[in-house]
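Reader: I have a model open and want to talk through how it packs. Can you start with the terms?

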Amino acid sequence: MKLYCLSSHPNKPCYVLKFKEITLMLDCGLSAHTVLNFLPLPLVHSPRLNSLANWMPRDCSDAQLEGELKECCGRIFVDSAPEFCPPLAKIVDYSEIDVILISNYMSMLALPFITERTGFKGIVYATEPTLQIGRFFLEELVQYIELTPKASLASHWKEVLHVLPPPLCDSLKPRSWQQLYSLTDVHSSLARIQIVGYDEKLDVYGALQVMPVSSGYCLGSSNWVISSDHEKISYVSGSSTLTTHPRPMDQQALKNSNVLIMTGLTQTPTANPDAMLGDLCMTVVSTLRNNGSVLIPCYPSGVVYDLFECLSGHLDSTALSHIPMFFISPVADTSLGLIYIFAEWLSQAKQNKVYLPEEPFPHAYLVKTGRLKHFKHIYADGFSSDFRQPCVVFCGHPSLRFGDSVHFIELWSSNPQHTVIFTEPDFPYLEALAPFQPIAMKAVHCPIDTSLNFTQANKLIRDLKPNNLVLPESYTQPPTAYPNRLDLVVQQPDHNVIPVKRGEVIMLPLRRKLKKAELNPEVAEVLITNEVKPGILLASFTGPMNVKNNKYEMNLDDEAEKSKQRPNCIEDVWKDYCYEFGSLDIDQFIQRLAMDGIKNAKLEPGPSGYIIHLQDEDVLITVDERSTHIYCGASDQQLRLRLRNILLQCLSKF
């Protein structure tokens, strides 16, 4: 079994698993951290961004580099459409992928890069919420980029990385970065997805079964169980044991796996989600009371639903229920409405509200009462007339490189009364703010990541009891910011831990030993069995084995097909046959040798069994779990046969 790691970001995973001639891709996350190296794309003309000075390396007069780089407060940015880091494409041929398993909507943003114009002919499996909410993310991302196209594309800076300052010079293989796909690619890619439900077993060409189980992270998020007749692999990605709006995590199905692949742990291991939510609410109230407004850059789904619920309740309790909240996204109206269709994917508490009937989320009530207003863009009909301050604005993109959030940062950055609160953990907030410096508005970091932390992950691994554990290499050592925090690593001394990093191909210690085969009923009719132990019957059988769609079936050969008759006397059949089975009893074998006159046997432990040296006869016998070898001279064939017969006497037979 081979495992390929195609991603450098544990929370944007992409693995390829090759097993039993089947090629599975596990997630296709898209690393968007690269966009932080580019200038923002404002929705309206920005004199400040347009007036940034060009930057050129010292002692460099390359005309092709002219105008590609801009400087803002000592930081260098690329003046071009933002580029993304898709999964590695050269170590795996995408056209050979049979199945792609999607864990959650955050892990499918590279799907168009995988399926379009690559020769991909496989199947993509995902739950319905993952498909529909993933559609929001993909469409929003494309529309943000297409709304503000760049007149030219910068690429020559990638050729002179060695003379660029950090962090540009530290960029990981920027030649592999790509412009974003088109909306046509998105729709074509999503059309390949087949919807599955939790605990639904799916056959993969007769060789494997795959089954999604709830991971508790977000609506429709899944962990995957990949199994054959005698092997089991569990893939745990983006999971949570916290009680939020999704259905709780199913741990039972993941237990006792041969291999457990774990990724997608928290990106903020020192931040408690509940504490961060409390800090956010207090910061919002403090800002509003000072007549300031609050910007919360966010994604169009996920934690934002919980923020609506908690923040509205906190504003009610602080007599600020008159403050309007705005949710701005190209998919805002669809996102707010679609969540009610997925009642069966919610936690039990939320489901109970649906069937009462009550609203499982308060944002429907907030919309009805006008406290929460949603718009596609800042220039959408009605926004200008409804917009008033102070207010709370939820909009994308969390990177602050495109989307409506760029406009609000430009609008409010010079006023210290306003606050921007970063809740998404995907982007370092200081890097996100870098091209807007200097700013006077307050910036508060309240990352809310409900993924498993390291304490929870260690406990989960102990409970699941896998034989082998595969982890991103970064999980086996403390974070750079906390080099002495050994509690921020996955520590499993009782398990075989296999670290993996981007571009690596590792052989997993899982070898096929057994294969299930079906017995044709016609074969069963003519088999002659012999009871070797109480309740255990053995039979010898000679005939063809048919293999079709990875299903094995034993059939009668032509001669047996003609007769199809059982003999009258079973003893008459077995008197001419003798079959040995079982393991060799080494002590009994030494005794039999002595009884036969070979008394100088010297027994030594071998690499996987025993070595018996017959010094006088100059013979070496090696015995291991699966075979026995007798080494003697070419002229000693009689001795070889003699030893063979002694050995056969020590085996069970029927």
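This is a predicted model: local features need pLDDT of at least 70, side-chain atom pairs count only at pLDDT 80 or more; totals for chains, interfaces and linings use all residues.

Reader: Okay. Which residue stands opposite V16 in strand 2?

Author: Y4 does.

Reader: How many bridges join strand 1 to strand 2?

Author: 4 bridges. Strand 1 covers residues 2-5 and strand 2 covers residues 15-19. They run antiparallel.

Reader: What order do the strands take in the open sheet?

Author: The order is 9-8-7-3-2-1-23. That is 7 strands, with mixed pairing.

Reader: Which are the edge strands?

Author: Strand 9 (193-196) and strand 23 (505-507). Each pairs on one side only.

Reader: Switching to helices. At what angle do helix 3 and helix 4 pack?

Author: About 170°, with their axes 10 Å apart. Helix 3 is residues 128-147 and helix 4 is residues 183-190. The two are therefore roughly antiparallel to each other.

Reader: Left-handed or right-handed crossing?

Author: Helix 3 passes helix 4 in a right-handed crossing.

Reader: Which residues make the contact?

Author: From helix 3: L131, R135, L138, E139, V142 and E146. From helix 4: L183, V186, H187 and L190.

Reader: What's the split by class?

Author: The contact of helix 3 with helix 4 has 6 nonpolar, 1 polar and 3 charged residues.

How values were computed. Residues are numbered from 1 along each chain as its sequence is written. Side-chain values use heavy atoms; hydrogens and water are left out. Axes are lines fitted to C-alpha atoms, for helices over the stretch in contact, and angles run from 0 to 180 degrees between N-to-C directions. Angles under 35 degrees count as roughly parallel, over 145 as roughly antiparallel, 65 to 115 as roughly perpendicular and the rest as oblique. A crossing is left-handed if the near helix is turned anticlockwise from the far one by less than a right angle, and right-handed if clockwise. Contact means heavy atoms within 4.5 Å. Ala, Val, Leu, Ile, Met, Phe, Trp, Tyr, Cys and Pro count as nonpolar, Asp, Glu, Lys and Arg as charged, and the others, Gly among them, as polar. Two strands pair if DSSP finds at least two bridges between them.
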